[in-house]
Amino acid sequence: MSDAVTRSFPLFPLGIVALPTETVPLHIFEHRYRTMIERCLQAEPGSAGREFGIVWLSDEELKPVGCACAVEQVLERMDDGRLNILARGVRPFRLLERQDDLPYPAGVVEFLGEPHEEPDPDVAQAARELYRELVLQATDREIDASELDEMDAYRMAATVEFTVDAKQELLELRSENARLRLLALLIRAAIERLDLLERAQVRALSNGKVRFA
């Protein structure tokens with residue numbers, strides 16, 4: 001179910017997981033990664049040449065599935081060559097092979113497509129309603145229905161601080177229905193944590209003895 005296999009794709013192993021549509025601020029300081037980002041910046045805006053791959057380097061391994069990200073903006077260039085940039089997640093890929101013949105980490109990657117499936121409207125509605133509730137509780141913002149209807153699982157998940165394990169699981173799923181089901185579970189757990197936090201804060205204000213960590 002792959003769209004394409006690409007050689008010499010720049011890789012950025014990090015302790016984070018990026019999702020498609022997610023905005024990722026990055027501080028680029030190592031020479032090899034500065035070289036990599038400068039290469040991306042030389043490509044035409046909107047082209048695949050602007051992309052590099054963020055791959056989660058966990059304590060155990062370099063994960064096999066990462067997210068291609070495009071450099072959207074250079075926020076700051078420092079005199080010593082360091083960069084602050086904004087990147088945006090574009091599409092998932094599978095790392096097939098590492099390459100050591102470039103001045104920065106790279107590899108052979110397979111960009112991942114998805115099998116055809118009929119959307120499950122009940123699953124989508126459940127996830128979106130939970131997301132609406134979470135945003136309202138966390139920010140007091142009421143999301144417009146038309147805006148919510150346009151959000152897929154990635155777009156919703158990209159705005160919530162989930163754990164790297166949860167984000168990696170979402171990234172690796174090759175079904176939107178499956179992502180929405182998992183997202184609903186993650187959001188429901190987040191809402192429950194918010195409820196616990198609010199109750200703990202009320203008790204702490206009342207007697208000074210309750211701490212929530």
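1. Gly-81 counts as partly exposed, at 26% relative accessibility; buried denotes under 20% relative accessible area, exposed over 50%, and partly exposed the range in between, with a 1.4 Å probe and protein chains only. Gly-81 is found in the loop between β4 and β5. The C-alpha atoms of Gly-81 and Pro-103 lie 16 Å apart in space, the two residues being 22 residues apart in sequence.

2. The model is predicted: local features need pLDDT of at least 70, side-chain atom pairs count only at pLDDT 80 or more, and totals for chains, interfaces and linings use all residues. Residues are numbered from 1 along each chain as its sequence is written, and side-chain values use heavy atoms, with hydrogens and water left out.

3. As to the overall architecture, the protein has six helices and six strands; helices (H or I, at least four residues) and strands (E, at least two) are DSSP runs numbered from the N terminus. The elements run β-β-α-β-β-β-β-α-α-α-α-α from the N terminus on. The C-alpha trace spans about 60 × 45 × 35 Å along its principal axes, and 45% of the 213 residues count as buried.

4. The turn with Gly-81 belongs to a hairpin formed by β4 and β5, with five residues between the strands; Gly-81 has a positive phi of about 100 degrees. β4 and β5 (residues 83-99) pair in the antiparallel sense over 11 bridges, where pairing requires that DSSP finds at least two bridges between two strands. Val-65 has Arg-94 in β5 as its bridge partner.

5. β3 and β4 also run antiparallel, joined by four bridges. Here Ile-54 has Cys-67 in β4 as its bridge partner. β3 is largely enclosed by the rest of the structure, because six of its six residues are buried. Glu-51, Gly-53 and Val-55 point one way from β3, while Phe-52, Ile-54 and Trp-56 point the other way, and all are buried.

6. The loop between β3 (51-56) and β4 (65-77) contains Asp-59. Asp-59 is exposed, with a relative accessible area of 80%. Together with Glu-60, Asp-165, Glu-169 and Glu-172, Asp-59 gathers in a patch of negative charge on the surface. Patches are made of residues with over 30% relative accessible area and no salt bridge, like charges being joined within 9 Å and nonpolar side chains (Val, Leu, Ile, Met, Phe, Trp, Tyr) within 5 Å. A salt bridge is a side-chain nitrogen of Lys or Arg within 4 Å of a carboxyl oxygen of Asp or Glu.

Technical notes
Areas by Shrake-Rupley, 256 points an atom, 1.4 Å probe, with all protein chains shown as cover. Lys, Arg positive; Asp, Glu negative; His and termini not counted. Charge placed at Lys NZ, Arg CZ, Asp CG, Glu CD.
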